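Subject: Structure handover

Dear colleague,

Please open it first, and then read the notes below beside it.

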Amino acid sequence: MVQVTRPTSLTPSTQTRVAPEAPARATGPQGFNAIVKGDSFTSGARVGAQQVNALRIPLPWPGKGEADKIGWIQKAYPPAKDSTAEFMKINQAVRAGQNVMPPEAKDCVFLAVGGLLSEAAPKQVYFDKNLDALEAQGLQVGRVPVDTDMGVEHNAAIVRQAVLEASKNGKQVVLIGHSKGGLDSAAALSMYPEIQEHVRALVTIQSPYGGSPMAQDLLDNPLVRYGVGGAVEALGGSIQAGEDLTYDSRKAFLAKHPMPEGIPTVSMASTTANPTSPLFLMEEYMQQRYGVKSDGLVLPQDAFIPGSKSVTLSGLDHLDSTGTTLNPFKPYQPEDLTLSLVAMALKMPKGS
């Protein structure tokens, strides 16, 4: 059994969940350009553009905001490869009850790295279904006990420790990071080269690898920066957790710590126009101010790690991929989504 703990120099850990092996459970390609042209919030109950537009109230936004920074990473680094079609094929097989995992999956430990403030969510509703799907395949899983209200560099040290502990018995590690958890995972790989030999693959789910206009816009507001920042720090967290998601911070960090080559990486992003989503107002903010589709917090243009295989899906907000949500029509469930993305990553040879 693998135990993952925070380094002793950091905050005390919560116990990591690791399960014994269990018996296996029986059970149209579209890339980013297609998503930009149109989107729907369900696969079974489509809402017309007129209905969504009827909910929109045009508002004048002062200045251009972050318009010049959106998607900067795709221009500054080698682009990701759109592999949405490959995902769709694997996902279809998963839904048909086929086992898509290669044999080497049994020799891996799958570690989930949660996003910003996700510690506040009960484990039964956050990342639980994703891990259940892997457990049902007889695979070993765990949660990295990152401080989800702390900065990227702080958490990168915790991810490093988790990888070293999980690989003690010779197993390879697959990191699965949601939102900021993807940034923490990638940072560990770039800041601590000694763990690269132990990491078989990295899967990021809706991670703002290049930054987020929501984070930048909010923290550019001094009332938000000092008001929210003061409250977070009073609770033992750090405003750096939000600062690290801004375009300016991501540019500076990646200039010093670019993603290393040779780690098979799959990056997933999504968009939605669901008026029942709890993130609908933020989706509309980015749509109206910048004319871009998003999952409510992250844009596909900012979510893809350079050189990775990218997957762009429609109909999922930022909570749907890893949480138990109230959207009964979401086209992809956390279980099938995770199996498909992980299978894609393990099909990529390491070191290529």
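This is a predicted model: local features need pLDDT of at least 70, side-chain atom pairs count only at pLDDT 80 or more; totals for chains, interfaces and linings use all residues.

S270 counts as buried because its relative accessible area is 0%, and its contacts beyond four places in sequence include S294, D295, V298 and P300.

Another residue to look at is V199, in strand 5 (residues 199–205), which is likewise buried, with a relative accessible area of 0%. Although V199 and L175 are 24 residues apart in sequence, their C-alpha atoms lie 7.4 Å apart in space. Apart from residues up to four places away, V199 touches L175 and several others, among them V163, L189, I263 and K350.

Helix 5, residues 128–135, is mostly covered, since six of its eight residues are buried; these are D128, N130, L131, A133, L134 and E135. They pack against strand 2, strand 3, strand 4 and helix 14.

Turning to charged pairs, the count comes to eight salt bridges. One of them joins the side chains of R200 and E104, at 2.9 Å from N to O. Because R200 lies in strand 5 and E104 in the loop between helix 4 and strand 2, this pair ties together parts that are 96 residues apart in sequence. R200 is buried, at a relative accessible area of 7%, whereas E104 is partly exposed, at 30%. R160 and E194 form another salt bridge, with their closest N and O atoms 2.7 Å apart; R160 is in helix 6 and E194 in the loop between helix 7 and strand 5, so that the pair links distant parts of the chain, 34 residues apart. E66, K69 and D248 are linked in a network of salt bridges, in which E66 and K69 meet at 3.4 Å, N to O.

Finally, the second largest pocket holds about 380 Å³ of space. Its lining has 20 residues, with M259, P260, E261, P306 and G307 nearest the centre, and by class the lining comprises 14 nonpolar, five polar and one charged residues.

With best wishes

Technical notes:
Residues are numbered from 1 along each chain as its sequence is written. Side-chain values use heavy atoms; hydrogens and water are left out. Buried means under 20% relative accessible area, exposed over 50%, partly exposed in between (1.4 Å probe, protein chains only). Contact means heavy atoms within 4.5 Å. Helices (H or I, at least four residues) and strands (E, at least two) are DSSP runs, numbered from the N terminus. On a 1 Å grid over the protein atoms alone, a cavity is a set of points where a 1.4 Å probe fits but cannot get out, and a pocket is an open set with protein on both sides within 12 Å along at least five of seven lines; lining residues have an atom within 4 Å of a point. Grid points are joined across faces, edges and corners, and a volume is the space filled by probe spheres set on the points. Ala, Val, Leu, Ile, Met, Phe, Trp, Tyr, Cys and Pro count as nonpolar, Asp, Glu, Lys and Arg as charged, and the others, Gly among them, as polar. A salt bridge is a side-chain nitrogen of Lys or Arg within 4 Å of a carboxyl oxygen of Asp or Glu.
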